2 protein chains.
Amino acid sequence: MDDLYVKMTTPQPAPPAPPAPPAISLFPLPINVSFGGAFQPVDPALSISVSPANAVLQAYADRIKGAIFATTTPARAPPPGATAAVQITVADPTAPLKLYVDESYTLTFPAGGAPATITAATIYGAMMGLQTLSQAIRYDYNAGVYAVASTPLVIGDAPKFAWRGILIDTDRHWLSLHTIFRIIDSMGTAKMNILHWHIVDWQSWPLQSVARPGLWNASWSARERYTLADVPTVVAYAAARGIRVVPEFDTPGHASSMCVAYPDLCPSAACGPQTNNPLTPVPDAGGNPVALNAIQAVLGEIAAATTDEFFHLGGDEVDESCWANTPAVTAWMAAQTPPYTSTDQIYEYFVEKVDAMTIALNRSPIRWEEVWKHFGTDLDPRTVIHAWLSTETLINATSLGYRAIWSVDGKYYLDALNEPWQSFYDVDILAGVTNSSAIPYILGGETQMWGETADGSDVLQTIWPRAAAAAERQWSYDVVTDSSDPQVALRMAQFRCLQLERGFASAPLNNAGARQAPPGPGSCTTQ
Amino acid sequence: MDDLYVKMTTPQPAPPAPPAPPAISLFPLPINVSFGGAFQPVDPALSISVSPANAVLQAYADRIKGAIFATTTPARAPPPGATAAVQITVADPTAPLKLYVDESYTLTFPAGGAPATITAATIYGAMMGLQTLSQAIRYDYNAGVYAVASTPLVIGDAPKFAWRGILIDTDRHWLSLHTIFRIIDSMGTAKMNILHWHIVDWQSWPLQSVARPGLWNASWSARERYTLADVPTVVAYAAARGIRVVPEFDTPGHASSMCVAYPDLCPSAACGPQTNNPLTPVPDAGGNPVALNAIQAVLGEIAAATTDEFFHLGGDEVDESCWANTPAVTAWMAAQTPPYTSTDQIYEYFVEKVDAMTIALNRSPIRWEEVWKHFGTDLDPRTVIHAWLSTETLINATSLGYRAIWSVDGKYYLDALNEPWQSFYDVDILAGVTNSSAIPYILGGETQMWGETADGSDVLQTIWPRAAAAAERQWSYDVVTDSSDPQVALRMAQFRCLQLERGFASAPLNNAGARQAPPGPGSCTTQ
């Protein structure tokens, strides 16, 4: 083709190129960064080596390499002196993925072509370093090469909070494993590390149970289900990406889908199934506590299918009126020794029993904050309090030595479509915490993707980019303040462009409705 | 865990399962299908062999296998007698991917465990057979095995129309390669085979040009671009999936983004850049036809980067008033021999020159229908007419021996968000064609994903599931009629579930706004 257009055209000088994007736009912002002034080309055949050899980390590095280089094939070979190697060194490659696993890393990218390095205590820290590397290396369309624009680049980084999560809800809409995998993959771009899987609820029950095989008859359809074997598949997929899966089985409310197949788990026909009325405390004719037995069976199955130390037991929004209005329940209350005088005692009966089951399974319970409000320091000290109604609960619980997670509704709820990214960004998880001894008990935060209007068609762009705004505050707490900094908006926009480059549906940033379409033609950098 | 719950729980019989989904729901509906009554388990370790060996088809088969089996790991080994092998036989494995490549296939899935077979003339037919296979094998959650529900299954299948396409628009919003890859992957589920890539337009110019290096200065940003090397990357990705990439470079209208860097390509400052005014016919001071030379340079570069026989040249919506109102242009018209008396002659001047360049590049031009309406049988007979305004143009052109494609606005425009899937389904591409000799000239149809409000965040669910409604009519024309058949809606819903299972964002079917979110909790089968 060269001959053709050389003959046909009049040579014309190229006009100056438009402004380049920020040379290096890192998100979440690393804690310590120093940039030099040298433009350093990178060989697309970049070798990423891991020492000591580690298959999980090497596979992660290979995927990151695909993300960096797959989108553009340079038209020419890299110039002499291009960086050709990244050397990763991990001090403790067998450190397990758990709360407080060391996620820190250092990254150096020298000028001149010497190998880049990532040094980390654990493979999970190294994964975080690789995510940063994947943002630092960009294709420079004008220069025609991949490059790190500003070297030597030296980064020392670690998260402020250990718990940087997102809740997904597979009750209101079933999400396929492939959709869950894409959520997990996308979380890596924002250095998030917890997938809180709200598996079941009162509207549907997609999960297999061997012990109670009828439960998943309450799935939305016979094809919208998870086998018990699917759960470790998700756990393993996430773990290979440095993400912990925390399962949730919410009781005694939010569980009456269990009564579709097993009506005796609900207090009465008027109380369920598929309402938010709680399960029954009343035993069957043989004296067996049918609801607790079913809960124990399901807990055991989920625990066997997962690995995390934590198990979310819900406990929120328990409407006790159904208990009060069911004669069999009130008769049971009267038969207790001493007789129960309040349905709150039934609530506590469930919480104590289920917490004990969970602790016996070697798991630490997580409870929505109503449980704290009702029972406070009666709870086992291993319990983690999940604040979704008020910051006060988080402050109170942590002041008393209980661990807590921040997810307050109206600020961290992704299903609140009128909450812009700034609202997420401006959450200061430590605001109002005056007792400095409480701070270590504040594990972090979790944005909540409740699924009423989010299915596989729209869940990603309901999550992104808003969840990333929260994730940056959680990671970079000590070096960022609030969304009013113009640099924050600039980096958010560049980060959204990056997510789109990776093929993740990330909604326009300037968006009155969270996941609305772009209003017209335009750039990812400004929409 | 078994010990635990066996001890804790009272054995309870499983209640009956809810209705299963349709045993086999195939989409698009194959032309000939016969089902037996035998439930045939399938071994997840299914071996898919290709004879003669073919790396492209084997890789496709391996991906299909991943799609079939990746989402659910059975809890137990398949029963004895499970089908363990699929044998693919291709008669002409080197047949190139081009218009009228043989996409037919036969698929047999015996009862009893004998190997399934796919027989096809070409690897592209075999790919279509593999897509069908991937819909026939499903995990039966109640039985706990993968299975084909109704065997022996015998399918003989071929598309009605050779051209089953979708247009993507990377002008109004740049789409990353990873997003384009996902569009291509998702097209396979509906057996679509043409990606019409409307690369550039007047709002932006994302594509590199070596001959005119300033052109992509009109990209939305310096990171929203394609190198020339990206184009064959997309072509190869699509070809490996049986999908042809037809590039479009629309002129002389819809191209004034070229004038951002090269103002002399537009008639005057008032005519551009980045309006829909057409390029200039006026030569530069040296007598060189600057716009035509630039068009030739770009055409040559795109042709070198693509492989398809067809090259879409646009030619639509040429607003001639800018020519008429520019003194330099009217002076040029007067200087012609004989003098031009109408700006339509400029339009024809461009069409003739650009068609000739394209034919010289061994490509057949495709033109939007205005070009037919203006110049009719003056056009080279290799020209394909793309009807987007009226069925009449398609009827007229094909009656006169020109090939044509159907994409009429208001019926096949995916950016028309008020058009439900039924509107797409009910298009009969042959409606009104009374001259049977014209039928062979009707290549097929193309749904149009214009990008004004579709970027990487929402393009998939703007396309799906509506494009699939068109795709089924294009493939299964002889065995389906219209959307009023309840079986069609049922299969559309099951197909949407399948797309969600594969991780593709496919919007709710019952949707007044095309890509709206689901209105509340529910099933993919009914929303």
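The model is predicted. In chain B, and not counting residues up to four places away in sequence, B:A404 touches B:V384, B:I385 and B:A387. The contacts of B:A404 also include B:L394, B:A397 and B:T398, as well as B:Y441, B:I442 and B:L443. In soluble globular proteins, nonpolar side chains tend to be buried together.

A helix pair in chain B comes next. Two packed helices are described by the angle between their axes and the distance between the axes. For helix α2 (residues 55–69) of chain B and helix α3 (residues 123–136) of chain B, the angle is about 10 degrees and the axes are 10 Å apart. Angles under 35 degrees count as roughly parallel, and α2(B) and α3(B) are therefore roughly parallel to each other. From α2(B), the residues B:V56, B:L57, B:Y60, B:A61, B:I64, B:A67 and B:I68 take part in the contact. They meet B:I123, B:A126, B:M127, B:L130, B:L133 and B:S134 of α3(B). By type, the residues of this contact between α2(B) and α3(B) are 12 nonpolar, 1 polar and no charged.

In chain A, helix α3 (residues 123–136) has 14 residues, which at 1.5 Å a residue should span 20 Å. The end C-alpha atoms of α3(A) are 20 Å apart, so the two values agree. α3(A) is also mostly covered, with 13 of its 14 residues buried.

Helix α4 (residues 177–189) of chain A has 13 residues and reaches 19 Å from its first C-alpha to its last, close to the 18 Å expected at 1.5 Å a residue. The buried residues in α4(A) include A:T179, A:I180, A:R182, A:I183 and A:I184. A:S186, A:M187, A:G188 and A:T189 of α4(A) are buried too. Just after α4(A), the backbone of A:K191 takes a positive phi of about 60 degrees.

Back in chain B, how many residues of helix α14 (residues 466–475) are buried? The count is 10 of 10, so α14(B) is largely enclosed by the rest of the structure. Charged residues are part of this buried set, among them B:R466, B:E472 and B:R473. The cover over the buried residues of α14(B) includes β7 (163–169), α12 (421–425), β14 (442–449), α13 (459–463) and α15 (486–501) of chain B.

A proline in a loop of chain B reaches this helix. B:P28 is found in the loop between α1 (2–8) and β1 (32–51) of chain B. A cis peptide bond joins B:F27 to B:P28, with omega about -5 degrees. B:P28 counts as buried because it has 30 C-beta neighbours inside 10 Å. Leaving aside neighbours within four places in sequence, B:P28 is in contact with B:A190, B:K191, B:A471, B:E472, B:W475 and B:S476. Of these, B:A471, B:E472 and B:W475 are among the buried residues of α14(B). By contrast, B:P28 and B:A269 are 241 residues apart in sequence and 51 Å apart in space, C-alpha to C-alpha.

Chain A has a cis bond to consider as well. The peptide bond from A:S51 to A:P52 is cis, with omega near -5 degrees. A:P52 lies in the loop between β1 (32–51) and α2 (55–69) of chain A.

Two loop residues of chain A have positive phi without being glycine. For A:Y100, phi is near 70 degrees, and the residue sits in the loop between β2 (83–90) and β3 (105–109) of chain A. A:Y100 is exposed, with 8 other C-beta atoms within 10 Å. For A:Q274, phi is near 55 degrees, and its place is the loop between β9 (244–248) and α6 (290–305) of chain A. A:Q274 is partly exposed, with 17 other C-beta atoms within 10 Å.

The last stop is B:V235, which lies in helix α5 (residues 230–239) of chain B. B:V235 has 20 C-beta neighbours inside 10 Å and therefore counts as buried, since the cut-off for a buried residue is 20 or more. Beyond its neighbours within four places in sequence, B:V235 is in contact with B:V245, B:T306 and B:T307. B:V235 and B:P247 are 12 residues apart in sequence, and their C-alpha atoms are 9.7 Å apart in space.

Methods. Residues are numbered from 1 along each chain as its sequence is written. Chains are lettered from A and ligands numbered from 1 in the order in which they are written. This is a predicted model: local features need pLDDT of at least 70, side-chain atom pairs count only at pLDDT 80 or more; totals for chains, interfaces and linings use all residues. Helices (H or I, at least four residues) and strands (E, at least two) are DSSP runs, numbered from the N terminus. The expected span of a helix is 1.5 Å times one less than its number of residues. A residue is buried if 20 or more other C-beta atoms lie within 10 Å of its own, exposed if 12 or fewer, and partly exposed in between; C-beta atoms are placed from the backbone. Two residues are in contact if their C-beta atoms, placed from the backbone, lie within 7 Å. Axes are lines fitted to C-alpha atoms, for helices over the stretch in contact, and angles run from 0 to 180 degrees between N-to-C directions. Angles under 35 degrees count as roughly parallel, over 145 as roughly antiparallel, 65 to 115 as roughly perpendicular and the rest as oblique.
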